[in-house]
Amino acid sequence: MGATPAETAAMRRALQIAATPGVPLGPNPRVGCVLLADDGTEVAEGFHRGAGTPHAEVAALTEAGDAARGTTAVVTLEPCNHTGRTGPCVEALLAAGVRRVVLAQADPNPEAAGGAEALRAAGVEVEAGVLADEAARLNRAWTFAIEHDRPFVTWKLATTLDGRSAAADGTSRWISSEPARQDTHRLRAECDVLMVGTGTVEVDDPLLTVRDNWDRPVRHQPLRAVMGLRDLAPDRRILNNHAETLQLRTREPAEALRELHERGRRHVWLEGGPALAAAFLSAGLVDEVVAYVAPSLLGAGTSTVGDLGITTIADQIRFRIRQAAVVGTGADANVRLTLERTP
């Protein structure tokens, strides 16, 4: 029969609450759920607040109480059909007496999939695929990680027009503008790992946290990951208690991503120097590029990326431009290019 206008509107609301800021990212997707009465009015809503907390369906059912019986559950992801840190959402929906479920994205996780089929087998009406593309975009990194068995990797760089990330004397603060740096923190907050190499820690001593527009640390911080074999000096800021830090004792990007995936991390924000960037690019493990381009020239200095072993133009690594935007105004304007890997 398809989704009704009220159900489609409820799905948009479910997507909105699923994206509530401040929810810690990691092993679980963002999910929202809205319960509707037969006349299309909202009974209750809920969203997932992070690993170990009630799933969106359970949060909405708890808010509704006995009023959940006979409702339609509009949920952004197929209800799970397995027991993890919490019980199966399918069982919770059945126990509450929900008569119909409208879902957006099918669950790509084979361990949790099968919820729609189980609900139909129990006599619940199921309508699938409503605003599925919007739901997939909401959880693009999580979906990618589940399907590819490794985290999604975004490489962020700040560069001059001539491709320099630092001047000849090693200075690099600041190539990008203050608005660009604030924009970087906004995008950092969408990831659950911030990664650099040991060389960057040694030279730049980054804090590598997410801060708001007033330079205050946000509540939920991504994991700080340092890749490389060298020991870190104990006075490095990345070892403070502002966020969790993990040293990945390897030079192999695939090995580093495997360990992070096993730890439930799904989106890596790669912010290291040219050697680390070259390692990931050469391994074919950069899925997205966010480049802040300053309207300036240095003429000499450190390149944004190290040697890729490319000797002829036919072998260049190409990306597709997904978005181009100007960040900041006047003298503070930078161009932000968002690129995706070509097939």
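Predicted model: local features only at pLDDT ≥ 70, side-chain atom pairs only at ≥ 80, totals over all residues.
1. Aspartate 205 deserves attention for its backbone. Its phi is positive, at about 50 degrees, although the residue is not a glycine. Aspartate 205 is found in the loop that runs between α8 (198-204) and β9 (223-227). Its relative accessibility is 16%, so aspartate 205 counts as buried; the cut-off for that term is under 20%.

2. Is aspartate 215 buried or exposed? It counts as exposed, because its relative accessibility is 54% and the term applies over 50%.

3. Turning to charged side chains, how many salt bridges does the count come to? The count comes to 24 salt bridges.

4. Arginine 150 and aspartate 287 form a salt bridge in which the closest N and O atoms are 2.8 Å apart. Arginine 150 lies in the loop between α6 (140-148) and β6 (152-159), while aspartate 287 lies in the loop between α10 (274-282) and β12 (288-293), so this pair ties together parts that are 137 residues apart in sequence. Arginine 150 is buried, because its relative accessible area is 12%. Aspartate 287 is buried as well, with a relative accessible area of 6%.

5. Arginine 216 is paired with aspartate 212 in a salt bridge, and 2.9 Å separates the closest N and O atoms. Arginine 216 counts as partly exposed, since its relative accessibility is 47%. Aspartate 212 also counts as partly exposed, at 23% relative accessibility.

6. The side chains of arginine 320 and glutamate 340 form a salt bridge, with an N to O distance of 3.3 Å. Which strands hold the two residues? Arginine 320 lies in strand β14 (residues 319-327) and glutamate 340 in strand β15 (residues 334-341), so the pair ties together parts that are 20 residues apart in sequence. With 39% relative accessibility, arginine 320 counts as partly exposed. Glutamate 340 counts as partly exposed too, at 24%.

Conventions. Residues numbered from 1 in each chain as written. Heavy atoms only, no water. Helix = DSSP H or I, 4+ residues; strand = E, 2+ residues; numbered from the N terminus. Buried < 20%, exposed > 50% of the residue type's maximum accessible area, 1.4 Å probe, protein only. Salt bridge = Lys/Arg side-chain N within 4 Å of Asp/Glu carboxyl O.
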